[in-house]
Structures are given as C-alpha cells and as structure tokens.
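Let's explore a protein together, one question at a time. Have a look at the picture first.

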Amino acid sequence: FDITSYVKTIVALVFGSGVLFQLPVVIFFLTRIGLVTPKFLRTFRKHAIIVILVLAAVITPPDPLSQTIIAIPLYLLYEISILISGMEVRRKQRVEAQEHLEQ
C-alpha cells in the first residue's frame with residue numbers, strides 16, 4: 001500500500017457517498033416537477049435495492065463491509081425519499097384543492 005492509492009480510494013469513497021447521499025433532495029425535485037410519485041417509488045423498491053447495492057459496490061473497495069456501510073444508509077435514504085415524496089404530493093393536492101375552492 002502506498003499513500004497515493006489510499007488517498008485515491010478515500011477521495012472516491014467520500015465523493016461517491018456525497019453524491020449518492022443527495023438522493024432525498026433529488027427525489028423531492030423530481031416529485032415537484034411530476035416525474036416521480038410515491039407509488040412509483042414503492043413499486044420499484046426491489047429494483048432500487050439492486051441499484052443501491054451495485055452503486056455501493058462501485059464506489060467502495062471490494063470488501064463486503066464497506067459495501068454494507070454504504071448500502072444500508074442509502075436504502076434508508078431511499079425510504080426517507082418515499083416519505084418526502086408523499087409529503088410533497090399531499091402538499092400539491094392541498095394547494096390544488098384550495099385553488100379549486102377559491103374559484
């Protein structure tokens with residue numbers, strides 16, 4: 001092991017994790033513009049788990065512990081994203097109902 005490979009590994013892990021941990025923010029904006037719904041996210045949960053595991057394998061060194069340390073929080077963030085998406089959909093429905101009542 002040398003310092004260069006260690007730094008490259010740490011930088012890749014931190015950068016990859018930082019990008020992936022923006023999942024709830026991305027889902028919020030996708031829900032806001034109407035591309036994603038909570039029902040869609042729940043329907044494709046199994047596919048999301050596979051994608052999360054693959055992404056965790058790509059951004060971590062090839063050992064199962066590192067992959068698990070990244071995959072579990074990402075899955076939890078996915079579940080939080082479903083909740084955030086649901087809150088945004090309900091907010092949109094309330095605003096639309098209020099606008100309908102005002103007319």
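Q: In which handedness, left-handed or right-handed, does α2 pass α5 in their crossing?
A: Keep in mind that this is a predicted model. A crossing counts as right-handed if the near helix is turned clockwise from the far one by less than a right angle. The way α2 passes α5 is right-handed.

Q: Are α2 and α5 roughly parallel or roughly antiparallel to each other?
A: Good one to picture! The axes of α2 (residues 23–32) and α5 come within 8 Å and cross at roughly 30°. Angles under 35 degrees count as roughly parallel. Therefore α2 and α5 are, to each other, roughly parallel.

Q: Is Ser81 buried or exposed?
A: Ser81 sits in helix α5, which spans residues 64–102. Beyond its neighbours within four places in sequence, Ser81 touches Leu23, Pro24, Ile27 and Leu41. Buried means under 20% relative accessible area. Because Ser81 has a relative accessibility of 1%, it counts as buried.

Q: How many aromatic pairs does the structure hold, and is the pair of Phe28 and Phe29 edge-to-face or stacked?
A: The structure holds two aromatic pairs. In one of them, the ring centres of Phe28 and Phe29 are 5.2 Å apart, with the planes at 70°. Planes over 60 degrees apart count as edge-to-face. So there are two pairs, and the pair of Phe28 and Phe29 is edge-to-face.

Notes
Residues are numbered from 1 along each chain as its sequence is written. This is a predicted model: local features need pLDDT of at least 70, side-chain atom pairs count only at pLDDT 80 or more; totals for chains, interfaces and linings use all residues. Side-chain values use heavy atoms; hydrogens and water are left out. Helices (H or I, at least four residues) and strands (E, at least two) are DSSP runs, numbered from the N terminus. Buried means under 20% relative accessible area, exposed over 50%, partly exposed in between (1.4 Å probe, protein chains only). Contact means heavy atoms within 4.5 Å. Axes are lines fitted to C-alpha atoms, for helices over the stretch in contact, and angles run from 0 to 180 degrees between N-to-C directions. Angles under 35 degrees count as roughly parallel, over 145 as roughly antiparallel, 65 to 115 as roughly perpendicular and the rest as oblique. Rings of Phe, Tyr and Trp (its six-membered ring) pair if their centres lie within 6.5 Å; planes under 30 degrees apart count as stacked, over 60 as edge-to-face and the rest as tilted.
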